[in-house]
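The sequence and the model come first, and the notes follow by topic.

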Amino acid sequence: MSIAHTSSSEKVFAPAKKSHRTAYLLLAPGLVWLLIFFAFPLLNLAETSTKTPAPSFETGEFVQTFRFANFIDSFSANQEQFFRSFFYALCATVLALAISYPLAYAIAFRSGVWKNFMLVMVIAPFFTSFLLRTLAWKQILGAEGPVVSVLQFLRILPADATITATAFSVIMGLTYNFLPFMTLPIYASLDRIDYRLLEASGDLYANSATTFRKVTLPLSMPGVVAGTLLTFIPASGDYINAQLLGSPGNFMIGNVINSRFFRVVDYPTAASLSFILMASILVLIVIYIRRAGTDELV
Amino acid sequence: MKHWLSKNLIRIYAAAAIFYILLPILYTVAFSFNDADKRNIVWQGFTLSAWLNPCEPIGICEALGNSFKVGITATIASTILGTMIAFALGRYNFRGRATTNLLIFLPMATPEVVLGASLLSMFINIQIGAGLVPVIIAHIMFCISFVVVTVKARVASLDPKLEEAARDLYANEWETFRRVTFPLVAPGIAAAALLAFALSFDDFIITNFNSGTLNTFPEYVWTASLRGVPPQANVIGTLMFVIALAIVFAGQVISKRRQTRR
Amino acid sequence: MSEKKKVEGDLRLDQVSKTFGDFVAVDDLSLVIPKGSFFALLGPSGCGKTTTLRMIAGLEEPSSGKILIGDTDITEAKAYERPVNTVFQNYALFPHLTIFENVAFGLRRRGIKDVNEAVEKVLNLVELAHLKNRKPGQLSGGQQQRIALARAVVNRPALLLLDEPLGALDLKLRRQMQIELKWIQTEVGITFVHVTHDQEEAMTMADTIAVMNNGRIEQMGSPADLYENPRTVFVANFLGQSNFIDGEVEASDGENLVVSLKGSKIALPKSRNNAKSSSLKLGIRPEKFRLHTADEKLTGNFLKGGVITDISFFGVSTQYLVEMPWKQELMVFEQNDGGAPDLEKGDAVTLSWEPQFTFALDGDAK
């Protein structure tokens, strides 16, 4: 699942030293940081999710009542957004996969001297503010932008229709933003494939389509799975794309959590929603770990 | 012609895909030259005024400064912490590997809303609230994992025999690290630091939860997007892009040079 | 590194053992390697030779035992405190340093400021001075190997350890390097300890060979000694090839023993007998056999009734497989110098050999 990969020609050396003390000394500061500022806050969030408004009804004041019904309440109140989030994320993941796989394939096998350049171009979006990028899309897809004008000119789009503020543009935004997360792991998997395996396949009477289906595709699966997880998970929790490219009818669970935190100061609901989101994501991760183990994660 | 097409179809596709990826960036660059004050949506004319007066809009350069403050601090801290963990994972066999791997991995897999919300929740509970320090703390937290992943790959490809050779040639533990291990792992650490900075600089969601009245550059753009993002924001975006590209290409040239030398 | 008294002398291993968990890699090893000699540790993979080398270098700690150079006990010393340098199997040249800096590395760590002269001298010794500003990645395998050697030798260590350094080279280059290494060793006079699984390599280069198996030394001696008079079946089969025939001691006849060998009586010089019991495994090297067709006058020991079952041409020699009446196939090498008769598959032959070329081991020896 490692985004940073070693190419097929580099050797990897297994960890060998047995001195535990040094290892623990090296691990301690970073892991302690993560425990305090990642693990503990999550536990704290869990604790908040079962609180209820304080008797004084002061804004922002809550008491711990272990009300587990919070989860049920917040889920049913926001079912629509939950399912919408997963639906959008799924669409974005599928689209990203469709766009990325051929691109990764081209970079791995057909790029020649342009390989490095193409890789840099794939991660180029990382180099600009993703808000600016998303706003650029809003412009490009907007009522005064070129896409709408062209589509209206070609009579595909009726005169006063817009593309923004629709599910389509939100999904488009999500797909675009997570494209590198899908492309790079797939590329890493493909790049690792020993070219001689493909030659052997040809030697054994397989044409290029069959070789792809029976050799290349299966060997690239780890990358596909990694890319899928790396895309689906953040996409399902996103709210920026929905906010910028969509309308309130397109809002995802991330938007709800955000507003519950800032607009309507309802921490227990926000917390329980966060937890349900995390839980569903963890289910996916557990399935992945069961099949692949933890060493490939990092 | 048909044969040429089938052979190069995928190349043509790749070029198109890359154009698609670059499109919004090109748009951003183009509109940094737009002659518009706030409502930078329709092309109104070419001008360099945004480039010449980058700090004109109120708060933009302050936000940029904050982004740098946070970014540099978070980069230094997370690179050090993450590199240490990467060495431990890459070089030593210790009990608790699986748990460590999981703890490193989970922040990368947790949605930013959850990360941001949980941190804000905790900071409120312990009376620290929001502001510069919470933001820096949060950034360090989510950058560590990415640093670990990047450096660990480099550490794993380092032949331990090289360190043995150094010890064989009279270098003690510190000298071995300083003269052999570190120079060879340095490119990985540099890449990790760059990645950490990029992630920190561009972070919005977690920052938004924990910054309170403080503004970073992405937050500035966000609030500005409601009334109109000035072209100066595009200027900064363009500069970031160009500088980042320059660093990456420079890095590639340097690494080529290291391999060969007359 | 403080050098109060220069550490030098014979290398001595005193009951050195190394265990990895349950696995005993080196089992109670004791040996003395004289100063200035070319010593080979020979054995198959997993026999403990590399582990032994690494313990001498200080890259591995012995589980028990002592290691001394002359009078100095270096068992507790760290690798960088020992006057011992290693030529690694895959060279381990520092990829980020130039050839010059690679070679100068050890000198610099010891605080020597002016390294130019020493580095140039050793680069000239390996004839690669013109590459001093290149990086290891730009050199061929053979060149890297010579630089690895130069990097070690330049430090004038008391001991130079070589861990199968020629393994990655092709045959012709390997042969060339074997001669060069031997020459360099005599030039600089340093004790060389060479680990290898290649018995030909050990025999050509070393003054003394120790054959290792399962963490122990099976036999130690000069190449000729080990080859002509192996004390165990393992050594006999590891160095060259051997034919083993079961026999029984019948009588004593002055300097010789009379041995009953599958129905024939042959002479075995008592000096060549390493067996303690009267049931023997008799060893004869393939090149010691002579082939005769019937009706020839025979000298020495002989065995009749063989039939040729296979002939292989080796250029320098021809290998014959001869099936004897007791259904054992014996291997015979005949030099292609016109001395051997013209033979074909199926021909009936008699084998003869000189008694002093026999060696005998215990009948149940492994």
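**The annotated segment of chain B**

Residues 64-251 of chain B are 84% helix and 0% strand, with end C-alpha atoms 25 Å apart. Helices (H or I, at least four residues) and strands (E, at least two) are DSSP runs, numbered from the N terminus. This is a predicted model: local features need pLDDT of at least 70, side-chain atom pairs count only at pLDDT 80 or more, and totals for chains, interfaces and linings use all residues. Residues are numbered from 1 along each chain as its sequence is written, while chains are lettered from A and ligands numbered from 1 in the order in which they are written.

- An unreviewed UniProt entry lists residues 64-251 of chain B as "domain: ABC transmembrane type-1".
- UniProt positions follow the numbering used here, feature names are shortened, and annotations may be inferred rather than shown by experiment.

**Where chain C touches chain B**

- In contact (C-beta atoms, placed from the backbone, within 7 Å) are 21 residues of chain C and 20 residues of chain B.
- On the chain C side, strand 6 (84-87) and helix 2 (99-109) are the elements that give two or more residues.
- Helix 2 of chain C gives the most to that side, with 3 residues.

**Strand pairing in chain C**

- Strand 1 (residues 11-20) and strand 4 (residues 64-69) of chain C pair in the antiparallel sense over 5 bridges; pairing requires at least two DSSP bridges between two strands.
- Asp14(C) has Lys66(C) in strand 4 of chain C as its bridge partner.
- Strand 4 also runs antiparallel to strand 5 (residues 72-73) of chain C, joined by 2 bridges.

Key. Contact = placed C-beta atoms within 7 Å.
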